[in-house]
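Please look over the chain shown here before reading on.

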Amino acid sequence: MGKVKKVMNRIAMFVVFLMVAVVINGCAFFKKEATVPPVGANWSYSGLTSPEHWHQLDAKNKLCDKGFQQSPIDIMERDVEETKKLKKMEINYHPSFFSLENNGHTIEANPVTSGNKILIDGTSYALQQFHFHIPSEHQFKGKAFDMEMHLVHKNQAGNLAVIAVFMTVSENDNEPFLELFQHLPIEETKKDVPMKYAIDLNSVLPLKKFAYRYPGSLTTPPCSEGVTWIIMKQPIFLSGEQLVEFRNIIHHNARPIQLRYWRRIFAEPGTKDMTVETPPTADGQSIDSSPSAAE
Ligand SMILES: [Zn+2]
C-alpha cells in the first residue's frame, strides 16, 4: 500500500511540475508575441521602441518605415560617381562657445552664438548643433567606425545639410574635445550645461575634406527626408578613454543601415583613390596604412 501511495505522490508532483512549466512557458510565449510598442512610448534603440518600431510609435514617423531616401547608408565605393561638377563645399567655422545637452538619445553641443556656416552649391547653411553616435551610423565598405559626429546645418528655407565625420579610437585624446568629453552630462538635461572653453570646429574636422554626398533623411524619428548628407572620407581620432566616457552614458545610438534604392552618391575626383587614414601612434607618427581592401 505504502509503495503505491509513494508512486502516486510522485506522479502527482510530476503533474504539478508539468503544469507549472506549461504556465511559465506560456508567459514566455506571450512575451515573445507582444510586438506592438506601448502607446505613447518614447523611441529608443532597443526593445519594443527600437528602430524597427519607430513607425508604430507615432503616425508622424511613417517615413521611418516607408521612405525611399532614408539614412544612414553603407558607402560602397563602386556606387560612388566622381564628378568635377560637384562644387566644393565651403566651410566657415570659427572658435565658438557651446552648451551641452543630454536629450536621452545623444549628447548634443548647441552653439551659444551663431556664425558657423557652410556653403553648398551657393546656398548658406548655418550650424544648428553637433552630436555623436556610437558606433557610427554610416558605414564604409560594410564596416562601421567606433563613433560618428553629425554637424547639423539649416538654410533659410529650412532644409538640412549634415556633415558626418567618422571617429576612430587612437592612443591620443582628441584635443579640441578635451573639455567636452570630460563634462558630458550624465543625466538627461533640462537646461543646457555651458562649456568654459571655445571650440574651433576647423581643428576638429579632418585635414583632407574629401566627402561623399547623397540625399537622405534624419536618422532619428520622424526620419524626415530632404537632408543633404556630406560624409567625410577621412576619420578623426579620439582616445579609448574618451569613447568610454561617452559609451557609459549613451551606450548605443546607431540606426541600422537603410537601403540606397536608386539614389546616387557623388564625390569630387580623387576621393576614391584616397586611403582611409589610420590612427596616429602616441608619438604622433601615422601607422603605415595598408592599401584599401578591394570591394
Ligand atoms: Zn545624428
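Q: How many helices and strands does the protein chain have?
A: The model is predicted. Its protein chain has 295 residues, of which 27% are buried. The secondary structure of the chain comes to five helices and 16 strands.

Q: Among contacts between residues at least 6 apart in sequence, what percentage joins residues at least 24 apart?
A: Two residues count as in contact if their C-beta atoms lie within 7 Å. Among the contacts in the protein chain between residues at least 6 apart, the share joining residues at least 24 apart is 67%.

Q: Which residue in strand 8 is the bridge partner of I75?
A: Strand 8 covers residues 139-140 and pairs with strand 1 in the parallel sense over two bridges. In strand 8, the partner of I75 is F140.

Q: Which residue in the turn between strand 4 and strand 5 has a positive phi?
A: Strand 4 (residues 98-102) and strand 5 (residues 107-111) pair in the antiparallel sense over five bridges, and L100 has A109 as its bridge partner in strand 5. The two strands form a hairpin with four residues between them. The turn residue with a positive phi, of about 90°, is G104.

Q: How many of the eight residues of strand 10 are buried?
A: A residue is buried if 20 or more other C-beta atoms lie within 10 Å of its own. Strand 10 (residues 147-154) is mostly covered by that criterion. Of its eight residues, the number buried is six.

Q: Over how many bridges does strand 10 pair with strand 11?
A: Strand 10 pairs with strand 7 in the antiparallel sense over seven bridges, with Q129 opposite V152. Strand 10 and strand 11 form a hairpin with five residues between the strands, where G158 takes a positive phi near 90°. H150 in this pairing has A164 as its bridge partner in strand 11. The antiparallel bridges between strand 10 and strand 11 number eight.

Q: Which residues does I231 touch, not counting residues up to four places away in sequence?
A: I231 is among the residues with the most contacts inside the largest nonpolar core. Leaving out residues up to four places away in sequence, I231 touches I75, H138, A164, A211 and Y212.

Q: What is omega for the peptide bond from P221 to P222?
A: P222 lies in the loop between strand 13 (211-217) and strand 14 (225-232). Another loop, between strand 7 (123-133) and strand 8, holds P135, and the peptide bond from I134 to P135 is cis with omega near -10°. The bond from P221 to P222 is cis, with omega near 10°.

Q: Is D121 buried or exposed?
A: D121 is found in the loop between strand 6 (117-120) and strand 7, and has a positive phi of about 50° although it is not a glycine. D121 has 11, so it counts as exposed.

Q: How many C-beta neighbours does Y261 have inside 10 Å?
A: Y261 sits in the loop between helix 5 (240-250) and strand 16 (265-267). Y261 is not a glycine, yet it has a positive phi of about 50°. Y261 counts as exposed because its C-beta neighbours inside 10 Å number 10.

Notes: Residues numbered from 1 in each chain as written. Predicted model: local features only at pLDDT ≥ 70, side-chain atom pairs only at ≥ 80, totals over all residues. Pairing = 2+ DSSP bridges. Core = buried A, V, L, I, M, F, W, Y, C linked by C-beta atoms within 7 Å. Buried ≥ 20, exposed ≤ 12 C-beta atoms within 10 Å, placed from the backbone.
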